[in-house]
Structure formats: structure tokens, C-alpha cells
Amino acid sequence: MTMSNTGGRRKPPTIHDVAREAGVSRGTVSRVLNGGHYVSPAAQEAVNAAIRRTGYVVNRHARSLITGRSDSVGFLLTEPQERFFEDPNFNVLLRGCTQALAAHDVPLLLMLAGTEDERRRITRYITAGHVDGVLLVSSHSGDPVAEELREAGVPLVACGKPIGLGSKVSYVAADDRDGARDMVTHLLSLGRRRIGMVTGPLDTPGGVERLAGYREVLAEAGVEADDRLVTSGDYSRASGEAGAERLLDRAPDMDAVFVASDLMAQGVLTALRKAGRRVPEDVAVGGFDDSPAATAATPALTTIRQPWDRISSEMVRVLLAQIGGEDPAAVILPTELVRRESA
């Protein structure tokens, strides 16, 4: 590194220092930094070695002026902020996406937009070009964010299939309906016949698909549908507890309950305990996600495992491909039944 003229402070190394150290032109260094196109393997290795020796760090602002890109990606959660801190799934997904992007040296910006005003501000920020693409982590029908970003030409990948947008938006999803089918089939195999359900929000893909899987399996098994055995929640612990209280009031003979998230299932367990119902002896309980909430529950939850590592890595892969010019894509990943003490 070179010394400045004032105070003896060291100036950060520049692209010129890297070129001189590597014995190549500044243009060669620039091509290496922008993907290595038209650079020989020997020159690329020389530049990479020079970067390590000099400690050179890419000036992202300067590069963005040349490429027209921000070299960053947004992680957008359109839920109230308290949901981000309560629901462990969001943190697991955020960590996975951050790690997957780090392999490409791309920073991730966390964006929380739980109100209409926040969504408008965040949408303006994104469409102004401050990020190259968006990982949309929660999408409700009627929420205009996905459609507005798509119309603005912003590369976008949703976690779960956005309702109403079909093939217009890239998405990565676990097979919610098949996972629900596996859980209800398991509860039936235990001899349970009065199986309740606490659904997720029915304006979200997970809420709709998990309820559909529940109903399909009961119909196939010849179990009469009973609307008293179905109630909705919002994926929070409190909504699970309130939902279980409603089910117990409507159908006191309920002998099992399928809950559309592990966090809600914790609330269900609380309500059953207060009502003096033993789990699984009196009421078997099955969750969905296999999040940390499943193993923290007492008893530990039988649940449906979503492959969070694959979901996050696929979301990043599809988004980077779209930023690179590829068409929208859809990826649906299998789930897995995980048996524990609650059912």
C-alpha cells in the first residue's frame, strides 16, 4: 500500500496497484473483477493473487456506475416487524439466503414492510435501482408489491407461489399440499378420526394449499367433512392458541389437530394443556415446517419438514439467473414427515 501525504495514513490499494503487482494491464484486472471474460487462466490467477497480497477491495459504488448495477439484493418481508422476530422460519431463511449470496460476494439488504406506507416507500426504493433483485419472503393475495415490482422489470423470486400471478413471477416453494397430505395420512394411521385443523392465512399460498391437502385426504378416507373442525390463524403462537380454543369449544370430541405451522402448534399445545387434554393420548398434534419451534415444544412436535437450506439456495440461484437475463422459473421441493412425541 502507498502512504498519503498527510498524517502517514495508508491509502487503500487501487486497481492500478493490483495491475502493477500482477504485471498485467488495468483492463485485465477490470475484466477479472467483472466475471473473468476474455482473460487467460494464468492472468486470472495472477490478478487474484495480487488482490490477496495487496488487500484490494472492490469499490462497489464505482463499479455500479460502470455496470448500472448495485451489486446487492433485497430480502423483502411484507409482514409486521414483530412477526420477523417471533417466527423462526424467517430467520432461518434469511441466514440461508445470506450465506448463498456470500458465495457470490453479493450483500443482502433486509427490508421490512408491514404497512401500506412502508410498502410504498420500499417499492420506490427498489424500483429506483438500489438493489438488483428481490427475494420476496411473504406474499398475500391483494398485496400489490409483487405485481408492481414485476411491472417495473425488477428481477424477483418469491418464497411460495404468489396467488394470482401464476407463471409471471419466479418462485421457490415446498410442496405444501403434499406435506399436508402426509401429515393427515399419518394422523389417520394412528386411528384418529375427528381431526381438526388450524390453517395459515387463507390469502397466502401455504394457507390455501395446506388446507386443500387436509381436505383431500379426509375425503379419500371417507371421513365426513365438518366445518366445525377447521379454523384459521396467522402463523403466530397466539393465533394457534386461540384457534385451538375455538376448536375445543365447537368439537370437544376432537382427537387430533393438524396445525399449519410449528409456531401456531406451540399455541395449540398451550390451549390443550389448559383444557386438561393430554398430548398425544387425548389429542395428537401435528405441525408444519420443522422449525426450531418444533423441537422447543413440549412434547416435541411431529411435523412436516420444509427443506429450508434448499429453498434459500434455490431462491438465490433463480434470482441471480434472472438478474443475468434468464426467464422466470418455478421450483417446487419435496417435504418430509418427521415423527416425534406429539403424534
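Biologist: Start with α12. How many residues does it have, and how far does it reach?
Modeller: Helix α12 (residues 262-274) has 13 residues and spans 19 Å from first C-alpha to last. That is close to the 18 Å expected at 1.5 Å a residue. The expected span is 1.5 Å times one less than the number of residues. Helices (H or I, at least four residues) and strands (E, at least two) are DSSP runs, numbered from the N terminus.

Biologist: Before we go on, what are the ground rules?
Modeller: This is a predicted model: local features need pLDDT of at least 70, side-chain atom pairs count only at pLDDT 80 or more, and totals for chains, interfaces and linings use all residues. Residues are numbered from 1 along each chain as its sequence is written, and side-chain values use heavy atoms, with hydrogens and water left out.

Biologist: Back to α12. How many of its residues are buried?
Modeller: Ten of the 13, so α12 is largely enclosed by the rest of the structure. Buried means under 20% relative accessible area, exposed over 50%, partly exposed in between (1.4 Å probe, protein chains only). Among the buried ones are Leu 263, Met 264, Val 268 and Leu 272.

Biologist: And Gln 266, what does it touch?
Modeller: Gln 266 lies in α12 and is buried at 14% relative accessible area. It touches Arg 237, Ala 293, Ala 296 and Ala 297, leaving aside residues up to four places away in sequence. Contact means heavy atoms within 4.5 Å.

Biologist: What follows the helix?
Modeller: Gly 276, with a positive phi near 80 degrees, follows α12.

Biologist: Now the sheet. What is the strand order?
Modeller: β7-β6-β8-β9, four strands in an open sheet with parallel pairing. Two strands pair if DSSP finds at least two bridges between them.

Biologist: Which strands are at the edges?
Modeller: β7 (230-232) and β9 (284-286), each pairing on one side only. Twist averages 15 degrees from one strand to the next.

Biologist: How many bridges link β8 and β9?
Modeller: Three, in the parallel sense, with β8 covering residues 256-259. Ala 256 has Ala 284 in β9 as its bridge partner.

Biologist: Which strands does α9 lie across?
Modeller: Helix α9 (residues 176-189) lies across β6 (195-199), β8 and β9, at about 170 degrees to β8. Helix α11 (residues 237-250) also packs on the sheet, touching β6, β7 and β8, and makes about 155 degrees with β7. Axes are lines fitted to C-alpha atoms, for helices over the stretch in contact, and angles run from 0 to 180 degrees between N-to-C directions.

Biologist: Switching to aromatics. How many pairs?
Modeller: One aromatic pair. Phe 258 and Phe 288 are tilted, 6.4 Å centre to centre with 45 degrees between the planes. Centres of Phe, Tyr and Trp rings (six-membered ring for Trp) must lie within 6.5 Å; planes under 30 degrees apart are stacked, over 60 edge-to-face, the rest tilted.

Biologist: Where do the two Phe residues sit?
Modeller: Phe 258 is in strand β8 and Phe 288 in the loop between β9 and α13 (292-296), so the pair ties together parts 30 residues apart in sequence. Both Phe 258 and Phe 288 are buried.

Biologist: What sits over the ring of Phe 288?
Modeller: The charged end of Arg 210, 3.9 Å from the ring centre. The rule needs NZ of Lys or CZ of Arg within 6 Å of the centre and within 35 degrees of the ring normal.

Biologist: Last one. Is Gly 133 buried or exposed?
Modeller: Buried, at 0% relative accessibility. Gly 133 is in strand β3 (residues 133-136). Its contacts include Ser 72, Val 154 and Leu 319.
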